[in-house]
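Student: I've got a model open and I'd like to talk through its sheets. Could you take me through them?

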Amino acid sequence: MTSRPTSSSRSARPTMKDVAAAAGVGLKTVSRVVNGESGVTPEMAARVRAAIEALGFRRNDSARLLRTGRTASVALLLEDISDPFSSALSRAVEQVAATEGCLLFTGSSAEDPARERELALAFCARRVDGLIVVPAGDDHRYLLPEIESGTPVVFLDRPGAGIDADAVLSDNAGGAKAGTAHLIAHGHRRIGFVGDQPTIHTAAERARGYRAAMAEAGLPVDERWIDCGPTDRARVAAAVHRLTTGPDAVTALFTANNRVTLAALHHLPADRRPALVGFDDLELADLLTPGLTVVAQDPVALGALAARRLFDRLFDRLAGEDAAPARLEIPTVLVPRGSGETPPGEG
């Protein structure tokens, strides 16, 4: 029979000593039961569990983790956690972390390099076991001391800058090339490109894919057909209006991310509607008229691969191994739904 908890044990969080006293066993026995170790008879283990239930004991991981040097947590630094793409990345990383018994801490940089650095170093100061970063800045050497001290870092969606580290990316150039080639295959020769800031890796790669498709088809690129910049609706609206009106209007548009595509959809001309292919899928894209043709990324596969790479690095570290950093790419998929299959002059 277990004894009743004393007034002192009720007034503070119960400890393993309290459990041992209540169960009438040694502290080592309680430790073995709590940590799922062998060497305890079923009857004694039952007494310990009954005492744990009666006292409301919960294992305090802090001391154990301090002894091992691990926090059983990893961190994910996103661009914007409210973005559907980022949300899918986060869910995928969290699922892998959960299978490894780790918590996931998440933060948003809001595309601000200073905020990215602040959050990344704050996570490291709290001794997370590893860090996954969707980069905002163009210099990640500030993470070198963390990597050298044993904290693995994996870059996601974009590679790190000024640092040799693992990166998990979509095939941005290949996807944009396929989307542009799709428009060319449907008769378009004057194709506009509306993109994000050209200094962003993904934006630059998608512009490169667009140019590659045009070059492969033997088509010249008028630099006036390319409009890159902030993704706010006003800038995109102005770009769409300029590209789709006047005697030199383009007959098709390739929009290089989901924010640009959404803004463009609000400002396409009602008459002479251009064909449209967007990079990134959108919720309800198949319900538009016509349905939206997209180059779809796989954020779930991206997040899962980045998380798996991070845990591989952690296991390598425990085994005393140190493989060279790698750049891993996930392919994109062209999803035709109607908007990208309209021939010139039939919009």
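Student: In which sense do strand β10 and β12 pair, parallel or antiparallel?

Tutor: First, a heads-up: this is a predicted model, where local features need pLDDT of at least 70, side-chain atom pairs count only at pLDDT 80 or more, and totals for chains, interfaces and linings use all residues. Residues are numbered from 1 along each chain as its sequence is written, and side-chain values use heavy atoms, leaving out hydrogens and water. Strands here are DSSP runs of E, at least two residues, and helices are runs of H or I, at least four, numbered from the N terminus; two strands pair if DSSP finds at least two bridges between them. β10 (residues 293-296) and β12 share three bridges, and their sense is antiparallel.

Student: Which residue in β12 is the bridge partner of V295?

Tutor: Stay with the β10 and β12 pair, joined over three bridges. Across from V295, the partner in β12 is L334.

Student: What is the strand order of the open sheet with parallel pairing, and why is one side of β2 left without a neighbour?

Tutor: β2 (103-108) and β11 (327-330) stand at the edges, each with a single partner strand, so one side of each has no neighbour in the sheet. The six strands run in the order β2-β1-β3-β4-β5-β11.
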